[in-house]
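Reader: I am new to this structure and would like to learn how to read it. Could you walk me through a few features, one at a time?

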Amino acid sequence: MPERPTATGYLLGASLGLIVAVWVFAPSYPHDHDSANASARKKNVVGLVNPANDCFINSVLQALAGLGDLRLYLIRETHRRKLDGPEVYLQVVVDPARKNMPPWKIEGLQAGMVTHGLKEILDKLNERPIQRKSISAAPFVQVLEAAFKQRISRQQQDAQEFLQVVAERLCDEYHAGHRARKNARQSQIPNGTSLSNGSPNGTRPNATETSSPIDPAGVNQQLNGLALEDGDTLNDNDTYPKEEGFPLEGVSESQIECLTCGFKPNSTKSTFCTLTLSVPEHNSTLSSIFDQMFKTEYIEDFKCEKCRLQHAVDTFEQEIAKSNSEKFKTRTQKAIDRIKTAIETDPEEQLLDVELPDKKFAPKRKIAKHVQISEFPKAIAIHLSRSIHELGKSTMKNSSKVSFDEKLSLGGLTTRRTYRLSSIVCHKGSHQSGHYETFRRQPIPQSFPVHNAFKKSAVYSKPPTPMTSQISTPQVEAVQRSGEVSGETSTLSSTPELLSPASAASSSPSLPFTNGHAHLNGNALLPVPSGSTSSDATPKNLGPTSAPRDSETSSIRSIARSALSNISKVPSISRSKASTSSPPMSSVDENGNANGNAETNGAPKESKSAPKKKKQSNRWWRISDEKAKEAKTSEVLAMQREVYLLFYELEKDD
């Protein structure tokens with residue numbers, strides 16, 4: 001038996017090759033495709049190392065990594081800055097609200113240092129690692145220290161303070177970049193423009209030592225060459241497209257109303273990146289805390305401007321009645337007329353030409369104060385303040401339960417917005433020490449279809465190459481053969497239609513047979529009388545089918561019949577889908593006469609499929625620095641004593 005060692009060696013070699021192939025290709029397969037045992041396979045998420053009490057940094061970064069709107073903004077903003085070019089952001093544009101800001105800080109804001117740094121680390125945190133992986137937040141911390149030019153303490157810090165610093169910095173960088181782009185469009189950046197020498201070291205971000213002159217025409221072409229997205233509009237000046245702002249930025253509006261005269265002064269608007277809510281010392285819900293924040297507040301001893309002017313009119317009229325001087329009466333009457341005009345137009349106007357009575361003599365009124373959100377952010381960050389401050393005692397932590405739901409509704413009846421929970425940050429421990437961990441929703445992979453593949457590219461892309469033609473490919477009819485009669489429908493042109501189930505189902509009622517004695521109705525072949533015409537016949541006049549045909553035509557017909565036989569073997573589900581687009585068949589009685597249905601003469605009913613609901617993710621990541629494990633929504637909603645930060649995202653319309 002000399003061949004047995006050879007067969008054994010062959011089997012051993014094949015087994016080793018199979019083991020190597022499984023070892024090499026198996027780890028990447030579950031991450032690229034969805035398999036049936038998706039719940040059983042092990043998943044991983046990128047963690048963050050904690051070398052020195054950095055859990056407050058790690059927890060905030062992990063929570064921000066779960067906000068899809070924030071990641072979309074970072075991608076759009078960095079790409080927009082790259083397309084605009086560094087010359088757009090080199091010229092210092094002073095903020096009108098903060099004119100005393102040093103030039104080096106404005107340069108850093110216009111350069112978008114923190115925006116680029118946060119995008120890099122969030123991209124790393126959203127990777128799908130094959131095995132356990134951890135990175136360090138040190139590069140992002142160094143970017144923050146370079147932006148503010150100060151060190152960040154590694155002692156136990158508050159996660160909310162770190163979140164507020166990062167969010168406000170990102171918001172300031174967006175507005176600084178927006179002002180720079182607006183200034184570049186208005187001034188078109190003249191040649192030889194350079195930054196002011198306000199930097200201590202005389203350096204500029206993203207600038208070389210020998211700067212070349214700037215071409216205004218090229219910059220203007222870059223700025224105006226960006227195509228507008230669907231739904232975007234231009235601003236009042238019609239010079240630059242309207243931009244989508246920072247997703248965490250919202251606007252709150254405070255309105256007061258005098259309960260005596262009903263006067264409402266101009267509302268006070270303020271922007272916010274995080275909302276701070278005080279947790280009561282008893283168990284409560286997140287909705288009830290919001291109700292306490294937005295409820296009407298009544299304030300006593302408030303001095304209304306309109307009531308003050310009316311009091312001045314009454315005082316001047318009493319003085320006129322007591323005075324005997326015509327000059328005083330004339331001057332006072334002019335003042336009264338001026339005050340009455342102000343009462344009717346704008347009671348808050350400063351009357352410099354009229355000397356009003358002292359404000360301490362003005363009457364005190366009761367007012368009602370309303371607070372509401374006038375501009376809702378795409379993603380809202382909520383801070384639950386759990387600090388209890390008592391006189392003579394140290395600050396304590398409020399461990400009362402705060403129940404929250406997966407969905408949050410804000411606004412009135414006409415301005416209602418619904419948010420969906422994306423991530424939370426929990427704190428365990430006392431007020432002086434403890435540990436932060438993050439619950440982050442696992443994302444669901446979504447497809448990104450290209451609806452307009454042959455149209456202009458989006459707003460943040462370079463101008464596309466002009467298309468020479470956008471006309472679809474013309475449909476060329478089959479060439480008529482010399483042996484066929486004019487007007488006869490060629491089988492060659494109908495053969496490609498038989499290759500698809502939908503077209504076959506729609507064209508099957510009008511398929512002729514050889515001698516015109518039978519037609520296809522559903523799955524049965526029924527005879528047709530010689531003098532009658534089928535109700536399903538095509539509008540074209542069919543020629544005689546007994547004309548001589550060559551061998552090639554007969555072979556094509558045999559291919560068509562074989563294709564029909566294959567289509568009839570398709571499962572019933574596929575045939576039912578195809579039959580929805582075809583007209584209803586006519587029924588035949590016992591005598592062979594065709595009786596059309598009621599729906600055959602009329603228009604066929606269109607069946608509308610129900611819209612698909614978005615798949616909701618019920619799985620979460622529970623991340624504590626480098627450690628991570630899966631969790632469910634019920635476990636997240638059960639963290640009522642430990643919840644500290646909540647991140648909700650605005651629900652999109654289907």
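Reader: How should I read places where pLDDT is low?

Author: Where pLDDT is low, the predicted coordinates should not be read in detail. For the protein as a whole, the mean pLDDT is 73, and 61% of the residues reach 70 or more.

Reader: Let's turn to helices. Which residues of helix α7 are buried?

Author: First the general idea: an α-helix has 3.6 residues a turn, so residues three or four places apart point the same way. Now the case here: α7 spans residues 138-148, and its buried residues are Phe140, Val141, Leu144, Glu145 and Ala147. They cover an arc of only 160° around the axis, which puts them on the same side of α7.

Reader: And what covers the buried residues of α7?

Author: The cover includes α3, α5 (103-111), α6 and α8 (159-187).

Reader: Two of those are α3 and α6. At roughly what angle do their axes cross?

Author: The axes of α3 (residues 55-65) and α6 (residues 113-125) cross at roughly 80° and come within 9 Å. Angles from 65 to 115 degrees count as roughly perpendicular, and α3 and α6 are therefore roughly perpendicular to each other.

Reader: Which residues meet there?

Author: From α3 come Leu61, Gln62, Leu64 and Ala65, and they meet Leu118, Ile121, Leu122 and Leu125 of α6. Sorted by class, the contact of α3 with α6 has seven nonpolar residues, one polar residue and no charged residues.

Reader: Now for the backbone. Where do I find a positive phi in a residue that is not a glycine?

Author: One case is asparagine 53, with a positive phi of about 55°. Asparagine 53 sits in the loop between β1 (46-48) and α3. Another case is aspartate 301, also with a positive phi of about 55° although it is not a glycine; aspartate 301 lies in strand β7 (residues 297-302). Just after α7, lysine 149 takes a positive phi of about 55° too.

Reader: Is aspartate 301 buried or exposed?

Author: Aspartate 301 counts as exposed, because its relative accessibility is 56% and the cut-off is over 50%. Asparagine 53, at 42% relative accessibility, counts as partly exposed.

Note on methods. Residues are numbered from 1 along each chain as its sequence is written. This is a predicted model: local features need pLDDT of at least 70, side-chain atom pairs count only at pLDDT 80 or more; totals for chains, interfaces and linings use all residues. Side-chain values use heavy atoms; hydrogens and water are left out. Axes are lines fitted to C-alpha atoms, for helices over the stretch in contact, and angles run from 0 to 180 degrees between N-to-C directions. Helices (H or I, at least four residues) and strands (E, at least two) are DSSP runs, numbered from the N terminus. Angles under 35 degrees count as roughly parallel, over 145 as roughly antiparallel, 65 to 115 as roughly perpendicular and the rest as oblique. Contact means heavy atoms within 4.5 Å. Ala, Val, Leu, Ile, Met, Phe, Trp, Tyr, Cys and Pro count as nonpolar, Asp, Glu, Lys and Arg as charged, and the others, Gly among them, as polar. Buried means under 20% relative accessible area, exposed over 50%, partly exposed in between (1.4 Å probe, protein chains only). The arc is that of the directions from the helix axis to the C-beta atoms. pLDDT is the predictor's confidence in each residue, from 0 to 100.
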